[in-house]
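Here is a short tour of the fold, written for reading alongside the model. Keep the sequence and the 3D view open as you go.

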Amino acid sequence: MAFAGLKKQINKANQYVTEKMGGAEGTKLDLDFMEMERKTDVTCELVEELQIKTKEFLQPNPTARAKMAAVKGISKLSGQAKSNTYPQPEGVLGDCMLLYGKKLGEDSVFSQCLIEMGEALKQMADVKYSLDDNIKQSFLEPLHHLQTKDLKEVMHHRKKLQGRRLDFDCKRRRQAKGSHIPDDEIRQAEEKFAESLTLAQIGMFNLLDNDVEQVAQLSFFAEGLLEYHQQCTEILKGLVSTLMEKKEEAVNRPKMEFVPKTLADLHIEGIHDLNHASPLPSPVKSPARTPMVQAKGPCCTALYDFDPENQGELGFKENDVITLISKVDENWFEGSVNGKTGYFPISYVQVNVPLPNM
């Protein structure tokens, strides 16, 4: 049996070479069949390319894709089911903005905006992950199933058809040259050829006449993209609105007056102080001390730390320069420092440049 099978394969190969090299005419199928074959071949290429290009679209970074594939391969070899998440660029940038926004401190408008934008980008990354999962489930998985089942089966029937056609032509050609080949053997080869022809045609027809399912898969893809972009648009609209408000807040903040501290303010001894050593000054600030202040408008210098206890009070640290806005009464000023405005006790500060009505 093994010898007979080998002989049959040799005969098919000889027939194929005879057709290609010797110009012998093989059995010709009709134009409709050839067109179905052409479209089936195009479908095979299409399914392969669609899967590759869709994955590149969802995961643009080739280095990240390669790392994920390598880890996935190692996990399979080791028997571990390890899931890897593609690092969406929106999420990577969002993490960077959140990290440095928090490092700068949330007391500045810029750091607040960094955090707001970082959070928005993280939300967009989450939406992208949802798109990724959606497209894999509704588009890539059906394509993979088509490739590994339906297309594979059709190509198997086509390959079998080619082999049986060669076998049929070989036996006919040998009979025509005078070889003794029983008619039953040729009839059997013809029947197998006809059977494969039918199966190949039905398989290709069913494959190509599947517009409803294939268009539905494209619709799922388009709907997923639309939902993704709509959600991103809503996130970005909210972000832009917030940033515009923060911009107005930054513009309307009173300009802070900055006075650099001297070594004496920081209780650092200079060379003159070291040469004329004297007892260390008391750490308690004297209210009578007059700091050196350069100011363009009404301002005062904090003599002590003030921690607000009630809403509307202005907190500050010793030596802070506070811009004076108004005198509320005999005990309280209204002023601003470090971008904040509020009320504070007159006894805690020393006026450097008085208000016009003082």
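Accessible areas here come from the Shrake-Rupley method with a 1.4 Å probe; for residues, only the protein chains shown count as cover. On that basis the chain has an accessible surface of about 24000 Å², and 57% of this belongs to carbon and sulfur atoms. This is a predicted model, in which local features need pLDDT of at least 70, side-chain atom pairs count only at pLDDT 80 or more, and totals for chains, interfaces and linings use all residues. Residues are numbered from 1 along each chain as its sequence is written, and side-chain values use heavy atoms, with hydrogens and water left out.

Of the 358 residues in the chain, 30% are buried (under 20% relative accessible area, 1.4 Å probe, protein chains only). Among contacts (heavy atoms within 4.5 Å) with a separation of 6 or more, 64% link residues 24 or more positions apart.

Now to the elements, which are DSSP runs numbered from the N terminus: helices (H or I) have at least four residues and strands (E) at least two.

The 5 strands form an open antiparallel sheet in the order β4-β3-β2-β1-β5, where pairing takes at least two DSSP bridges between two strands. Because β4 and β5 stand at the edges with a single partner strand each, one side of each is left without a neighbour in the sheet.

| Strand | Residues |
|---|---|
| β2 | 321-327 |
| β3 | 332-337 |
| β4 | 340-345 |
| β5 | 349-353 |

Antiparallel strands β2 and β3 are joined by 4 bridges, and T323 stands opposite S336 in β3.

Notes:
Buried means under 20% relative accessible area, exposed over 50%, partly exposed in between (1.4 Å probe, protein chains only).
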